[in-house]
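Morning, everyone. Let me put the model on the screen, and then we'll walk through its contacts.

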Amino acid sequence: MSFLSATAQIGFGTSGPQPETLMDVYSVDKGLLLPRISISDFNSFNLPVGSQTESLLLYNTNVTLGKGFTYWNGSSWNHVNNNFFWSTYGDDNLSSSNFLGTADNNSFIIGTAGLPRLHFTTGQQLVAHNNGTISNPSWSMINTGIGAYSLGNDLRIGLDGKDYISAAATNAIVINPSQENIDLSIQGNTTPVLQMDASSNSLGIASTAPIEASMHVQGVTSNVRIHSLGATHSNNNGVDQSLLYVNQEGELILEATPHITQLPQFEFESAYLSSSVTVSNATQGESTVVLHSTSEQLFDDGLLEVVYQTSFSVRSHTGGAITDGKPRKYGIRVKVDGRVIGQTSKMYTSAATGGSIASGFMYLNGKGYKPLTGNSSGTTYAIEVELFVDGGGNSTEYIVGSSSNDFFEVIVHY
């Protein structure tokens, strides 16, 4: 030991302590061993003697609070060991007992520019100090305008400056809350199960591009299966399928709508017979007259059904009773493109001695069917209602359509 009284310097292991030191300990193979004490409470001095002098230094051996060099700052113990400080260059040898944050019951706050920006609460929540905006979300990715933010009481998730999802305080989740031109697609294994086209405000089921409707259901059979439906729900009149019915497999079938052209009845000045038609001749033989003509355009294959009823009165050319006892023949034909698909006819006669003719009208009614072929551009068929009469060369007058009960109806079954 060297002692220099002039400068009050003490040297251990050296005869020339450094001039700027009060004590210089020198060795090339030994260290300096400080007192080793267990400090269990950093907020209490814990030592049995002393006046709690600030800067007192020792080595804490308490495992719970962490081993290491510890100093008294006048009111509490503090670690000086670098293992208990976070390094800007990164840290290693971490364990569950080492953490960045607070050891007391206070929130851990992260700030910038002298203001708090983010904090971890004692209730284990991560809270931002700003609601953010659609262009600057509070929780965002590296790209601008991608992330989550709060608008009022709603939680919004945005992308590229547009709101995609809103979780509202009214217990509602809304997709595209700002009504942007954003499509929605839910994908299946090979094709979309649900597709929303925002530009056309259309919703497609099994359709990649819903068109021409608010909801477009696409499928080979256009069937919709509803659970628990079965054959007991089927409704069939024995001739035509209902527009909406259930088949044997429990599938809800939506049939094509029958195309019906129904001309108004006579009392409504129907286009069929808007006024009565008279065929009269003193020596009337065989004659035909077209009473009505129309057309039907088919875009799909279908079965054409024609239903008709026509009133008749028969008398002599002079307007009196027929008294010659000879028959008069009359009837109705319905033709499609010149082919007869329905015909009804009758014979009229009276006793040769004359006599009264029953008052009122006689009627001819009937129906006809014909399968027709359609195509996507439409196939047009000409339909005619034809009157045929034969007075047998005798005086006859036929009056057709003198009743308000005349009608003509065209039905296409698909």
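**Contacts in the predicted model**

Start with a charge over a ring: R333 lies over the face of F388, at 3.9 Å from the ring centre. The criterion here is NZ of Lys or CZ of Arg within 6 Å of the ring centre and within 35 degrees of the ring normal.

Some ground rules. This is a predicted model, where local features need pLDDT of at least 70, side-chain atom pairs count only at pLDDT 80 or more, and totals for chains, interfaces and linings use all residues. Residues are numbered from 1 along each chain as its sequence is written, and side-chain values use heavy atoms, with hydrogens and water left out.

Next, I332. I332 lies in strand 26, residues 328-336. Strands here are DSSP runs of E, at least two residues, numbered from the N terminus. Is I332 buried or exposed? Buried, because its relative accessibility is 0%. The cut-offs: buried is under 20% relative accessible area, exposed is over 50%, and partly exposed is in between, with a 1.4 Å probe and protein chains only. I332 and K346 are 14 residues apart in sequence, and their C-alpha atoms are 9.5 Å apart in space.

Now a sheet. Strands of a sheet pair through backbone hydrogen bonds, either parallel or antiparallel. In this model, four strands make an open sheet in the order 4-5-6-7, and the pairing is mixed. At the edges sit strand 4 (36-37) and strand 7 (77-79), each of which pairs on one side only. Pairing requires at least two bridges between two strands, as found by DSSP. Strand 4 and strand 5 (residues 57-60) run parallel, joined by two bridges. Take I37: its bridge partner in strand 5 is N60.

On to the rings. How many aromatic pairs does a search of the whole structure find? Six. Ring centres of Phe, Tyr and Trp (its six-membered ring) must lie within 6.5 Å; planes under 30 degrees apart are stacked, over 60 edge-to-face, and the rest tilted.

One of the pairs is F45 with W77. They are stacked, at 5.7 Å centre to centre, with 15° between the planes. This pair links distant parts of the chain: F45 is in the loop between strand 4 and strand 5, W77 is in strand 7, and they are 32 residues apart. F45 counts as buried because its relative accessibility is 7%. W77 is buried too, at 2%.

Another pair is Y59 with F69. Their ring centres are 5.3 Å apart and their planes are at 85°, so this pair is edge-to-face. Y59 lies in strand 5 and F69 in strand 6 (residues 68-72), so the pair ties together parts 10 residues apart in sequence. Y59 is partly exposed, at 26% relative accessibility. F69 is also partly exposed, at 37%. Elsewhere, ring pairs link F45, W72 and W77 into a cluster.

Salt bridges now. Side chains of opposite charge can pair when their charged atoms come close. The search of the whole structure finds eight salt bridges. The test is a side-chain nitrogen of Lys or Arg within 4 Å of a carboxyl oxygen of Asp or Glu.

Which residues are linked with R156 in a network of salt bridges? D154 and D163. Between D154 and R156, the closest N and O atoms are 3.9 Å apart. Between R156 and D163, the N to O distance is 2.8 Å. D154 counts as buried at 18% relative accessibility. R156 and D163 are both buried, with R156 at 9%.

K367 and E305 form a salt bridge as well, at 3.5 Å, N to O. K367 is in strand 28 (residues 362-372) and E305 in strand 25 (residues 302-315), so the pair ties together parts 62 residues apart in sequence. K367 is partly exposed, with a relative accessible area of 45%. E305 is buried, at 9%.

Last, the surface. I157, L159, Y164, I165, I173 and I175 make a nonpolar patch of about 530 Å². Patch residues have over 30% relative accessible area and no salt bridge; like charges are joined within 9 Å, nonpolar side chains (Val, Leu, Ile, Met, Phe, Trp, Tyr) within 5 Å. Areas come from the Shrake-Rupley method with a 1.4 Å probe; for residues, only the protein chains shown count as cover. Strand 13 (154-159), strand 14 (162-168) and strand 15 (172-175) each supply at least two of the patch residues. I165 lies in strand 14 and is partly exposed, at 36%.

Questions, please.
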